Amino acid sequence: MCGIVGHVGCIGAQRSREVVMGGLARLEYRGYDSAGIALANDNGIDVIRAVGKLVNLQDAIDAGHPEDALAGIGHTRWATHGRPTVANAHPHSTPDGRFSLVHNGIIENADALRAQLQASGREFSSQTDTEVVVHLIQEAYDCAETPQWDGTIDGADEHTHSVGARLIAAMRQVTARLEGTFTLLVVTSDCPNIIVAARRSSPLVIGLGENENFLGSDVLAFVEHTSRAVEIDQDQIVAVTARGVTVLDQSGQRVPLKEYEVDFTSDRATKGGWPTFMDKEINEQPEGVANTLADRLDSHSRLALDELRISEDVLRSVDKIVMIGCGTASYAGQVARYAIEHWCRIPVEVELSSEFRYRDPVVTEKTLVVAISQSGETMDTIMAIRHAREQGAKVVAIVNTPGSTISRESDAVLLTHAGPEIAVASTKAFTAQVTACFILGLFLSQVRGNKFADEVADYMEKLGEVPGKIQQILDQGETVRQFARTMVDATSVIYLGRHVGFPVALEGALKLKEICYIHAEGFAAGELKHGPIALVDEGQPVIIIVPTPRRPELHNKVLANIQEVRARGARTIVVAEEGDSSVDEFAEIVFRVPQVPTLYAPLLAVVPLQIFACELATAKGLDVDQPRNLAKSVTVE
Ligand code: F6R
């Protein structure tokens, strides 16, 4: 939520502008209400901002002809405080134009700080929480009483050092006064060769280049220029020049750089010939699931999760599992619950991260919390993890983003290897998350002795067949797409599922809501008669996920549910297993999925629903990848 980019370098006159705009384009999925850029040079700082998508900012830059820069910062906004207007767009600057700043997060005590600043005569030009910070920075920078910072800044000449040290001192003093969450990047016209940044509970990574360095909300901001990245921890401050990166802890002491290699190339973050990122990511699911499964068995065919870092004794003592996540990630947890309870005979609860801590949940040191998140930066999930750990629970994070806050704040990490997910609507992350949860469940069943190693290997082998089966569904996608194009006038769609099909119904409905703006609801098929069936009248589209006929106790009931809605005039669209001809007479159209063990069926059944939503949004002429009001990484509560 909000994307931040920074660049300092001396290799080409327009380099900062190009790098920052390129980075913003890659981070636009994090917010697209407005965007802005500040370019610092020897004559001052040029700030250009525009409402709406990045293309508007590019037009404004082309019209404004900003000067060449030595450093640049940029921001793409998902509005929290104040409507998406130019005045509220970042960067925010001091009235004299000496300081410009971008911010991701929320300053919770902004109102009180603003009142203090206004009382001392400072004037504000926006309604944002961010603007107070740039005023505070200037106040602290100009104040002779601000305690000096007396360390050394890497890659700084004498002038850069003297300005940088004052800026660091100001940043330290200001961040100590801020409550809430933030990543902050500031530039000053006193010296355009340095960016000073800070973070608390919002993401920031540094990219290391040759005679230039980069800052970003995530590595996508700079991965086309360098694969060398540096993690920035909670409450650290960073000074970045073209030739050096200096990281300081809360006490102002220098800390060694935590450098790592980004393991994907920038072409993973392009559409690669697909019309949308969502299309591409739906089609990357065989690879995402296969990569998440890869290298999990040791030479004795035992499941080995070396990265798990929680002792087997602790895992054996677990008496309850709580899965937490938001949106699609929470539905992945709901799917996993059926499997983990069945395999491990441990009670599994699934809780929305945003509700978890307010329920005062019963969590002890015997509780295993599984936090699921694609971005690894979702604030609701971060807060839930902190709450769980305070109660003594162990937390395993299932994340798609190595080095993210959630992976760093958890006791153990199980990475999904879906690759970067850019489309706001989650697709390949979901199937990779479900896969990773299955791996975790099977590992627990092995460690706890619920399943023998050969049984686990058997389950893993069957899981290994899933990527090929997803590919079969993708290859037949045209049937789904054709049908989707006939549904452009739909105003409401109901999704029904039973057992593991229920969370698939919820996920299918979420996809339709978020990218097609069609009211959609997922229901447990058995719940229909307890209320929702009143919604069904002539022509109401109902999508039903039918379980395998090899589970007649489920299958027959869902067939009955189809007939109930059909009897009331519904149009029935059915997702059913290949060869299940019993559904044909009750369905306007059937989307076929190959046979798999029942618990794995969600990995397949969800795919036609993703294709359906993607194609319908395209047919409606909507922005598939960047739906209105949403942002990819939700870093506010
Ligand atoms: C829906 C979607 C969201 C996310 C949710 C959690 O398509 O993408 O519901 O699943 O915001 O995000 P992560 O997984 O990054 O924690």
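Here is a short chat about a predicted protein model and its parts.

Visitor: How is the protein chain divided into domains?
Guide: Some ground rules: residues are numbered from 1 along each chain as its sequence is written, and side-chain values use heavy atoms, leaving out hydrogens and water. As the model is predicted, local features need pLDDT of at least 70 and side-chain atom pairs count only at pLDDT 80 or more, while totals for chains, interfaces and linings use all residues. The bounds come from an automatic or database domain assignment. They give domain 1 (3–268), domain 2 (283–464) and domain 3 (475–637).

Visitor: What area do domain 2 and domain 3 bury between them?
Guide: The size of an interface is often given as the accessible area lost when the parts come together. Here that buried area is the accessible area (1.4 Å probe) that two parts lose on being put together, summed over both. Carbon and sulfur atoms hold 67% of it, and the total for domain 2 and domain 3 is about 2600 Å².

Visitor: Which residues in domain 2 lose the most area to domain 3?
Guide: Three residues together make up 25% of what the domain 2 side buries. They are Tyr 331, Tyr 338 and Val 424.

Visitor: Which residue forms a salt bridge with Glu 421?
Guide: A salt bridge is a side-chain nitrogen of Lys or Arg within 4 Å of a carboxyl oxygen of Asp or Glu. The rule finds one across the interface of domain 2 and domain 3. In the pair with Glu 421, the closest N and O atoms are 2.7 Å apart, and the partner is Lys 632.

Visitor: How many residues surround the ligand?
Guide: A residue counts as near if one of its heavy atoms lies within 4 Å of the molecule. Ser 373, Gln 374, Ser 375, Thr 378 and Glu 514 are the closest. A side-chain N or O atom of Ser 373 is 2.6 Å from a ligand oxygen atom, and a polar side-chain atom of Ser 375 also lies 2.6 Å from a ligand oxygen atom. The number surrounding the ligand is 15.

Visitor: Which residue does a cis peptide bond join to His 90?
Guide: Most peptide bonds are trans. In this cis bond, omega is about 0 degrees.

How values were computed
A polar contact is a pair of N or O atoms within 3.5 Å; within protein, one must be able to donate a hydrogen and the other to accept it, and residues adjacent in sequence count only if both atoms are side-chain atoms.
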